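This report describes the packing and the charged pairs of one protein model. The sequence and structure are shown first, and the description follows.

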Amino acid sequence: MTARFEDPLGAFCTHSRPTAPGSGTGPLKGFRFAVKDVFDIAGHKTGFGSPEWLATHEAAPATAPAVQRLLDAGARMVGKTLTDELAYSLTGENVHYGTPVNPAAPDRVPGGSSNGSASAVAGGLVDFALGTDCGGSVRLPASYCGIFGIRPTVDRVPLDGVIPFGPPFDVAGWFARDAGLLESVGRVLLDDAAPPPPPRRLLRGVDAFAAAGERVAAALQDAVALVEDAVAPALDMTLAEGGLGLWFETFRVVQAASIWSNLGAWVTATRPRLGPGAKMRLDWASGLDARTIAAARAEHAAIRNRLDSVLRNGDVLVIPTSPRAAPLKNTPLDDIEIRFRNQAMHLLCIAGLGGLPQVSLPMATIDGLPLGLSLVGPRGADMQLLALARKLTA
């Protein structure tokens, strides 16, 4: 079913506006949600932020199970939201479809690639929205737009009917303006109704705060103190013994190799008209050699083991979500797509490399703009983090 819908923020796709009423009963009855345009909806094309992708693919035969879970729980779907081109960006500026408004800072980007979902939630067009997060595409927009966002544990939410992008890092995440609703959506998507035990130990990622810089660390100081009041005094912990720069480079290579394995054949055959950011990254991904990829995958395994040894059951790690507030629209390419992106990825790669859950909370500002503080837990601690987020913001 397709319906008219007012969209003053430019957050929704115009090529297809599927809607569905939901089951009418369940824990999410009465709530409206939107879906990033990488999830399949039966009878509609999945656009992936690219006119050429849209033109070269057929309508989806079935609805993605993650979307169906929300419908079965009573929520009403009101449309599909914009994503960055081929979901390969963190800005929210799509050269083909435009930039959704960041309601918290209209002169600034919303963040990508789940930009439309974040904009729609922040602007009150929907109660919650689905996105995906490979390199940070839920967490960074949540920070930029001043809303809650979660990247769940890898493999906790089904990705059937979702365009493969960068396994082993891909996850389906979600946004909300209210931590209680974020948790309620989590119970449905994670299929987890058991009350989680409270966390016992709080860790502060000192190298993550150092990477974010003194101004960000100072802006988050009060928020960290609130988490300490709720859990325990924080223990300082250096996460990356070889430096977060090495972790970022490892993530970058493993992610790019996976993306090229999924998209390379289509890019080569179709030769799409790519925006400068997507083109730059795909060109680089296409040139990676087997030895470089193998070395990065071995380092990824070592980093995952390191995180498993640091984060144990009952632990919560606090880190900045982002090293800055949302950048201005039309920031020069070298800044927004290289320098800013790389700085953000020093923080965002941590949970990705570990396959860990991470919740970004809108608990601070810098220069009057939203800034997120993140809670990270061991794999499977999703509901524990969501319960803590609700407690902290109640």
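## A covered helix

Helix α3 (residues 115-122) is mostly covered, with seven of its eight residues buried. Here buried means under 20% relative accessible area, exposed over 50%, and partly exposed in between (1.4 Å probe, protein chains only). Helices (H or I, at least four residues) and strands (E, at least two) are DSSP runs numbered from the N terminus. The buried residues of α3 are N115, G116, S117, A118, S119, A120 and V121. Among the elements that cover them are β1, β2, β3 (128-133), α4 (139-145) and β5 (171-176); contact here means heavy atoms within 4.5 Å. Just after α3, G124 takes a positive phi of about 75°.

## Basis of the values

The model is predicted: local features need pLDDT of at least 70, side-chain atom pairs count only at pLDDT 80 or more, and totals for chains, interfaces and linings use all residues. Residues are numbered from 1 along each chain as its sequence is written, and side-chain values use heavy atoms, with hydrogens and water left out.

## Nonpolar cores

A nonpolar core is a set of buried Ala, Val, Leu, Ile, Met, Phe, Trp, Tyr and Cys residues joined through side-chain atoms within 4.5 Å. The largest one has 114 residues, and F39, V67, W174 and W247 have the most contacts inside it. Helix α9 (residues 244-270) supplies the largest share of this core, twelve residues. A second, separate core holds 16 residues, including A34, L125, V126 and A129.

## Salt bridges

The structure holds 18 salt bridges, each defined as a side-chain nitrogen of Lys or Arg within 4 Å of a carboxyl oxygen of Asp or Glu. One of them joins K80 and D37, whose closest N and O atoms are 2.9 Å apart. This pair links distant parts of the chain, 43 residues apart: K80 lies in strand β2 (residues 76-81) and D37 in the loop between β1 (32-36) and α1 (51-55). K80 counts as buried because its relative accessibility is 0%, and D37 counts as buried at 3%.

R215 and D367 form another salt bridge, with the closest N and O atoms 2.7 Å apart. R215 belongs to helix α7 (residues 214-219), while D367 sits in the loop between β9 (358-366) and β10 (369-376), 152 residues apart. R215 is exposed, with a relative accessible area of 53%, and D367 counts as exposed at 61% relative accessibility.
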